[in-house]
Amino acid sequence: MDLLLDYLPGLAASGAHIELAPSKPSDNFCAYTLLFPLQSEDSSSRIVVPIISSFNLGRPGEDIVNTLRLTRDKCYWLFAHQNGALPSNTDTQILALRSSKHVMALLPLTTDACMGTLRGPLFEPEKDLIFARFERSHSATETGQLVITIAQDVNSAFKGAVRQARLLLNVLGPLPNTPPLDSYIFEDKLTYCTWNSLQPPTPTTGASALNALEHFHSIGVRPAAFLIDDAWQDVKSFRLQSFGCKQLFLDKFEDLASIVKIAKEKHRVEHVGVWHTIQGYWQGVEPNKFADNIASSRSRRMGTPAQLKKRDLSVMPVTICFMKPYLRKPDYIPHPNSVQDFFNDYYTTLRDAGITFTKCDNMASIDHITSAVEITFAKSGEEVLGNSIDIVTLRKAYIQAVTTAALESFGAANVIWCMGMTPRVLLGEIGLCGKGVKRVVRNSDDCKLDYPNEPDSHRYHVFTNTINALLLNELDVQPDLDMFQTHPYFSPDGEVHDTTTGISQGSFHASFRVFGTGPVTITDAPRKSNPDILSKMVGDSAPTASPSVVVQASTAFTVLNDVFDPRITSAGVGKGLKVYVDKTIGIWNVQSGGGKLVEFITSSDISQALGVPLSSIPALVLYIQSSSPANERVMLRDVSNALHPAAPIRIELDPLGWATVGVVRVESLGERGRLACPGLVDKYLALQGITGTRLADEGSGWSYTIISKCSGTVGIWITSAVSIKGTEVGLIDSSGNWKSSPGPELETEELGKAKWVTLKLKGRSKVVFHLVD
């Protein structure tokens, strides 16, 4: 408790009941629970909902030197900041305070009836104060809850906070019928999305989208998923008019099913998805249209159209929702009692057209409903006001309706949840309380691909995605790092912005996206793609036309506490943003002001990438790729000691520059021979291009076997004393079998006392090198 009060001395006077959570011997953090009494309101008084209660937690102690926070600068999204100036008018979801020895994380909890967040002071004399804020939807007694963890690093602090939150909310363990892993349709697959792709001067039509798929195939890239984003629905005045497709989008096609059929049969797309908002469209539905629409779509279950006409379907239960002031007029959305039928009918219509997943947008809007009343419509068309709607019931009904409809129509909860980085979403059943079922959730604001005059948005997008993912990776969430384009932006009149920033942004985003475990989504305009960038992300599993394999991370990435350093994002003499995953170090220049930077690969970086103590770092080969060719190399880093420490490796990055460093253990062949395989060396995440290696002693020499995930160029580093006697290569079929044949010609580059050998593979392959010393 003393350490907690050293870092936040004001907690003693906050009014909270503080409890030290029980710990396990394996824990690398300590956790505290703070409980705040939220008293019921006098029922006779005029209560204004929501009810707000705030508690002063005081200022950080003198030992705190850096701060990191995730704040809802926009109501839909979290944004990362490297300062402790919490705003007073919007919510901070999690706050991390760093001292020279520890990181403290503060995570307020949210339940159905009570939303917990952090806020700053209203007045200048209160600068740096931290307030726990609890917002209730009713006047009953509640308990506000806040988790605080203290650990040696930010990864452990966030992980511990989420684990303790689950304990408090009693949401341990997976659901009884957890979908199998193969229900995650985006794993190692490429997705094409129409959003930025179909902007002027490109027509926003299904034909344009199919042209994009055609172009991808022509350059050897085959997306497995095809997402039709906003602009396909039948809408008017921002309200959904039917479950059908907009005629302008269909153009020459008869219906949505026709477009889906071509995408699947001609372009080998496995999954086609469509976009919609949580309330149908941005301002809900057109109520006077949906009596007929629902009757028609239910006819398969409720009777023939003739029978349905005899029923009184002129009254459709609709909820009219009054939103917070930034929305000027109320929305009409389906009543909570009928929203399940609404989405069941919608998703059945989509399934019949061949759709197998959706993107559900505008999630935060249901969090910002302040009141709702039931509306029915008389046969005359007159609105009839009914009872008030319970807001908690409404919020839960909508999420449940979309989830259930997806399960029934698609066989799995194939939904990308978007614009929903709010406490009730992230700490509700989609995030914290998912009970082991991973849901795909957008991890950041939109990537500003169409804002060429805001080049700063590119570097900040990568930074905030990194920090946001530190939280979301601990939830029951698969973070979606958002779509990007491999080509420069071009304006509605066709002008290409091929400035340095415009050209650099493609590989800057691509190299980062593969460090995530969520969907990798491109939104290239038809015939504008950069094949070189795409080929560094994907390969073929076979020479035949099958969906491309994305070479991406298999585990959640981590960071060091250096991520608190404001030099990472500020102008001037900067530092690189470093991320670690699957024995690979990633570095990105996310400085503001377009500055260059000099960074170094140190023993601490290698220790983090390998997950071993500094004292246990073995002999390694480092494989460095970069946006700057001068950084690229393959090199031996031998075992170092106090007398002969290994020198840091210098990396220079231009604006929107990047580097990836594969860290590979060296294996020994007898007394003089050594070798290492950095993977598929033509991919950003080279080590993820192979699934395994095996070294075997054959008496007169050795065999070294490599299994690749897909096509690409495999590389091995060997000392000059080792010779390659022969090579066998064979494609691996779907049953895991392979037929060996003499390998193609090897390319060899002399590296002083070592050699760099590469070999091109045509698909998922097994390679056997026969070696002699």
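Student: How much space lies in the second largest cavity?

Tutor: A cavity is a set of points, on a 1 Å grid over the protein atoms alone, where a 1.4 Å probe fits but cannot get out, and its lining residues have an atom within 4 Å of a point. Its volume is the space filled by probe spheres set on the points, which are joined across faces, edges and corners. Here the second largest cavity holds about 60 Å³ of space, and among the residues that line it are Val559, Leu560, Asp562, Ile568, Lys575 and Glu599. The model is predicted, so local features need pLDDT of at least 70 and side-chain atom pairs count only at pLDDT 80 or more, while totals for chains, interfaces and linings use all residues. Residues are numbered from 1 along each chain as its sequence is written, and side-chain values use heavy atoms, with hydrogens and water left out.

Student: How many cavities of 30 Å³ or more does a search of the whole structure find, and which residues line the largest cavity?

Tutor: The search of the whole structure gives 6 cavities of 30 Å³ or more, and the largest cavity has a volume of about 90 Å³. Its lining consists of Thr191, Cys193, Leu227, Lys359, Ile416, Arg442, Asp480, Asp482, Met483, Pro519 and Thr521.

Student: Are Lys359 and Asp229 buried or exposed?

Tutor: Buried means under 20% relative accessible area, exposed over 50%, and partly exposed in between (1.4 Å probe, protein chains only). Lys359 counts as buried because its relative accessibility is 6%, and Asp229 is buried because its relative accessible area is 4%.

Student: How many salt bridges does a search of the whole structure find, and how do I read others among them?

Tutor: The search finds 27 salt bridges. One of them joins the side chains of Arg166 and Asp476 at 3.3 Å, N to O. With 15% relative accessibility, Arg166 counts as buried, and so does Asp476, at 7%. Another salt bridge brings together the side chains of Lys396 and Glu429 at 4.0 Å, N to O. Lys396 is in helix α11 (residues 391-410), and Glu429, 33 residues apart from it, is in the loop between α12 (423-426) and β22 (439-442). Here Lys396 is partly exposed, with a relative accessible area of 36%, and Glu429 is partly exposed too, at 27%. Salt bridges can also join into a network, as they do for Arg133, Glu135, Asp367 and Arg424.

Student: How many of the 17 residues of α13 are buried, and what is Thr464 in contact with?

Tutor: Helix α13 is mostly covered, since 16 of its 17 residues are buried. Thr464 is found in this helix and counts as buried at 3% relative accessibility. Contact means heavy atoms within 4.5 Å. Leaving aside neighbours within four places in sequence, Thr464 is in contact with Leu78, Phe79, Ala80 and Ser444.

Definitions and conventions. Helices (H or I, at least four residues) and strands (E, at least two) are DSSP runs, numbered from the N terminus. On a 1 Å grid over the protein atoms alone, a cavity is a set of points where a 1.4 Å probe fits but cannot get out, and a pocket is an open set with protein on both sides within 12 Å along at least five of seven lines; lining residues have an atom within 4 Å of a point.
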